[in-house]
Amino acid sequence: MRIVIAGGHGQIALRLERLLALRGYEPAGLIRREEQGDDLREAGAEPVLLDLESATVEEVAAHLQGADAAVFAAGAGPGSGAARKDTVDKGAAVLFADAAVRAGVRRFLVVSSMGADPRHEGDEIFDVYLRAKGEADAYVRGLDALDWTILRPGSLTNDPGTGLVRLEAHTGRGAVPRDDVAAVLVELLETPATAGLTLELVGGSTPVSVAVKSVAGE
């Protein structure tokens, strides 16, 4: 299975690519700079040079052609201003979803954020970010051509993964290692019955595979 990941050089994406490669998948990551390619190759992924802030739907769809699933894991990053929250966290997500529809890729995962809400109020950068993520999530949920799952992790850490999480429609605030976010994404990709779910994720006491099967009703 070929899995195309937007934001392929991101911290979660690199972890996800490594896990997918170990399981025998063929991950491909979209990157903005050629020098990022070596990190993807080291993780077992194919680097694809494409800037989602300037690409057309047709250009993105060409790279999604024949893929079995798509994962949106891109983000403007903590040092970016309000404008890039709109162009990346919202605009690129919408573009990637439209391209998946154009390419006929039904399975579509979004790495969102806890608190994402198109009606979120406030003028701080993080408020703009939560609105942008919320608007992107709402757009994806409106696309009947996608079997989407939206994952909203809590505060991300670089602590080693524990493999133990809390995954529910509403978990309450909490932190979660990026390792465990990547592990949950793999299980979601392998569990089609999670399509149509918006899930929050924090550290917990349930093994990842059990947590995903539980929300899938399996």
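**Entry 1: α4 and α5**

I looked up the handedness of α4 against α5 and found a right-handed crossing (right-handed if the near helix is turned clockwise from the far one by less than a right angle, left-handed if anticlockwise). I noted that this is a predicted model, in which local features need pLDDT of at least 70 and side-chain atom pairs count only at pLDDT 80 or more, while totals for chains, interfaces and linings use all residues. Residues are numbered from 1 along each chain as its sequence is written, and side-chain values use heavy atoms, with hydrogens and water left out.

The axes of α4 and α5 cross at roughly 10° and come within 9 Å; they are lines fitted to C-alpha atoms, for helices over the stretch in contact, with angles from 0 to 180 degrees between N-to-C directions. That makes α4 roughly parallel to α5 (under 35 degrees; over 145 is roughly antiparallel, 65 to 115 roughly perpendicular, the rest oblique).

I then listed the contact (heavy atoms within 4.5 Å). From α4 come A82, K85, D89, K90, A93, V94, A97 and D98, and they meet I125, V128, Y129, A132, K133, E135, A136, Y139 and V140 of α5. By class I found 11 nonpolar, no polar and 6 charged residues in the contact of α4 with α5 (Ala, Val, Leu, Ile, Met, Phe, Trp, Tyr, Cys and Pro are nonpolar, Asp, Glu, Lys and Arg charged, the others, Gly among them, polar).

**Entry 2: α3 and α4**

I checked α3 against α4 and found axes that come within 8 Å and cross at roughly 60°. That makes α3 oblique to α4. The crossing of α3 with α4 is right-handed. V57, E58, V60, A61 and L64 of α3 make the contact with L95, F96, D98, A99, A100, R102 and A103 of α4. I sorted this contact into 9 nonpolar, no polar and 3 charged residues.

**Entry 3: the cores**

I looked for nonpolar cores, meaning sets of buried Ala, Val, Leu, Ile, Met, Phe, Trp, Tyr and Cys residues joined through side-chain atoms within 4.5 Å. The largest has 33 residues, and L52, V60, L64, F72, F96 and F108 have the most contacts inside it. α4 gives the largest share of this core, 8 residues. I followed F96 and, leaving aside neighbours within four places in sequence, found it in contact with V4, A6, L30, V60, L64, A70, V71, F72 and F108. Apart from this core I found another, of 28 residues, including V165 and L189.

**Entry 4: α6 and α7**

I found α6 (178-189) and α7 (208-216) packed at about 45°, with axes 9 Å apart. The pair is therefore oblique, and the crossing is right-handed.

**Entry 5: the loop between β5 and α5**

I looked at S113, which lies in the loop between β5 (107-111) and α5 (125-141). S113 is buried at 9% relative accessible area (buried is under 20%, exposed over 50%, partly exposed in between, with a 1.4 Å probe and protein chains only). Not counting residues up to four places away in sequence, S113 touches Y129, L130, K133, L151, R152 and P153.

R119 is in the loop between β5 and α5 too. R119 counts as exposed, at 65% relative accessibility.

Definitions and conventions:
Helices (H or I, at least four residues) and strands (E, at least two) are DSSP runs, numbered from the N terminus.
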